[in-house]
Amino acid sequence: MGPVVSVPPSTGDRVDVIVVGAGLSGLVAAYELVRAGHDVRVLEARTAAGGRVRTLREPFDDGLLAETGPARIPPDHDRTLGYIDHFGIETSPFYTQDGEYLIVPERGAPYRETPGVFLRGGRGTWLKIPVGTDALPMAFAEALGDRVRYGSPVTRVVRDEAGVVATYETGGGAEELRGGRLICTVPLPVIDRIVFDPTLSAAKRAAFRATSYEDVTRVYVQYAERNWEEDGLNGWGLSFVGGFSEMWHPTWNQPGPRGILMSYMYGDMARTVAAMEPGAIVPDFIDRFDGLFPGSREVAERGTHFAWEHQPWIGAAYAWHDPPFAEHPELASPEGPIHFAGEHASGERGWMQGALQSGLRAAAEIDATVTGERARTTVAISRRRLVRRVAGAPHAPEWLAP
């Protein structure tokens with residue numbers, strides 16, 4: 001665990017900085033601003049921190065888990081790995097080097113690829129957090145403590161000569177919090193839930209409209225045993241039937257005989273599955289998986305699904321790369337005392353790295369010491385540890401060279 005935040009949280013109705021949203025961008029901004037000496041309050045609509053970083057532990061048995069959102073970490077994502085090391089969180093390989101990967105073309109018979117072929121381009125060095133990716137936002141939230149107020153969706157932000165006033169809902173009605181500055185990290189599909197007074201600039205609103213999002217649905221099936229391994233398959237692969245989707249076996253290095261197969265679908269395919277009768281989704285995918293891994297139906301136990309478009313405070317999986325952020329820098333530009341962050345306001349859309357970069361950038365706009373020597377030291381620690389992790393890997397990135 002990294003240094004404990006020592007500045008006590010405010011108990012009044014005014015703080016230096018209000019952060020809207022306890023996803024990774026909001027959490028890292030709040031964390032570093034508190035470390036820099038600011039009085040910060042985070043207002044989060046949900047009852048938990050993490051935003052799109054969510055780990056599923058139910059309805060699975062034997063401590064098995066899988067991810068609904070971010071799961072894999074490329075080795076050059078230094079901010080992500082830097083904070084993982086900062087909080088003392090362990091990592092392990094994301095992909096397996098054992099067994100064969102299954103490729104299902106749109107036409108023709110499925111075929112297999114060895115790990116050396118499937119993981120070309122450096123994917124073999126990608127990492128994950130084996131106890132669950134949510135360990136990272138949980139570490140931030142634990143350090144921030146009472147500064148994070150859950151179940152508090154912001155509905156209105158008013159700018160005046162003294163700063164900002166945020167109106168947020170609570171179980172007992174609406175309350176107001178005044179701040180000198182505010183960081184808005186709300187995903188764009190749901191940002192219209194906040195009334196900005198005065199209205200945000202025309203350029204900002206145009207950038208919002210120009211930004212499109214990707215829909216993602218994931219379906220998970222738990223099996224009593226991993227019988228696909230008897231056929232030399234590792235449970236991973238790609239499918240191009242009915243659209244592009246990935247097959248994951250996220251429990252490949254989790255202990256016990258049970259395992260989880262997961263289908264990771266994008267775009268139209270994700271929306272089609274999300275629109276199915278909920279009770280029909282898992283049985284349908286038990287059949288689909290049995291067609292790829294014959295005999296798996298007999299050991300299927302239970303499952304679940306997760307569609308990002310159905311999440312009321314988020315509305316989609318991640319910001320699409322086209323048009324790129326570079327074409328709409330207004331997404332990140334401050335408007336008076338209001339600053340903006342989130343993976344959509346970064347050059348690393350769809351990654352935890354982008355969320356962290358944007359949160360640090362917004363915090364630095366308020367206090368330039370946030371991204372100083374301390375952050376560079378954190379990244380240096382991560383780089384040293386990562387050298388040991390990927391030692392001997394066939395595609396170690398050049399930036400790790402001594």
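A cavity here is a set of points on a 1 Å grid over the protein atoms alone where a 1.4 Å probe fits but cannot get out. Grid points are joined across faces, edges and corners, and a volume is the space filled by probe spheres set on the points. The model is predicted: local features need pLDDT of at least 70, side-chain atom pairs count only at pLDDT 80 or more, and totals for chains, interfaces and linings use all residues. Residues are numbered from 1 along each chain as its sequence is written, and side-chain values use heavy atoms, with hydrogens and water left out.

**Cavity and pocket**

- The largest cavity holds about 130 Å³ of space.
- Its lining has 14 residues (an atom within 4 Å of a point). Leu-65, Glu-67, Phe-94, Lys-128 and Pro-250 lie nearest the centre.
- That lining divides into 10 nonpolar, 2 polar and 2 charged residues. Ala, Val, Leu, Ile, Met, Phe, Trp, Tyr, Cys and Pro count as nonpolar, Asp, Glu, Lys and Arg as charged, and the others, Gly among them, as polar.
- The second largest pocket (an open set with protein on both sides within 12 Å along at least five of seven lines) has about 260 Å³ of space.
- Helix H5 (residues 202-210) gives the largest share of this pocket's lining, 3 residues. The lining includes Asp-192, Arg-205 and Arg-209.

**Nonpolar cores**

- A core is a set of buried Ala, Val, Leu, Ile, Met, Phe, Trp, Tyr and Cys residues joined through side-chain atoms within 4.5 Å. Buried means under 20% relative accessible area, exposed over 50% (1.4 Å probe, protein chains only).
- The largest core has 41 residues, and Leu-136, Phe-140 and Ile-183 have the most contacts inside it.
- Helix H1 (24-35) is among the elements that give two or more residues to this core. H1 gives the most, 8 residues.
- Phe-140 touches (heavy atoms within 4.5 Å) Leu-24, Leu-27, Val-28, Tyr-31, Tyr-83, Phe-87 and Leu-356, not counting residues up to four places away in sequence.

**Helix H6**

- Helices are DSSP runs (H or I, at least four residues), as are strands (E, at least two), numbered from the N terminus.
- In H6 (residues 267-274), Gly-267, Met-269, Ala-270, Val-273 and Ala-274 are buried.
- These buried residues fall within an arc of 160 degrees down the helix axis, so they line one face. The arc is that of the directions from the axis to the C-beta atoms.
- Asp-268 and Thr-272 are exposed on the other side of H6.
- Packing partners of the buried residues include strand E15 (216-223), strand E18 (259-266) and helix H7 (278-292).
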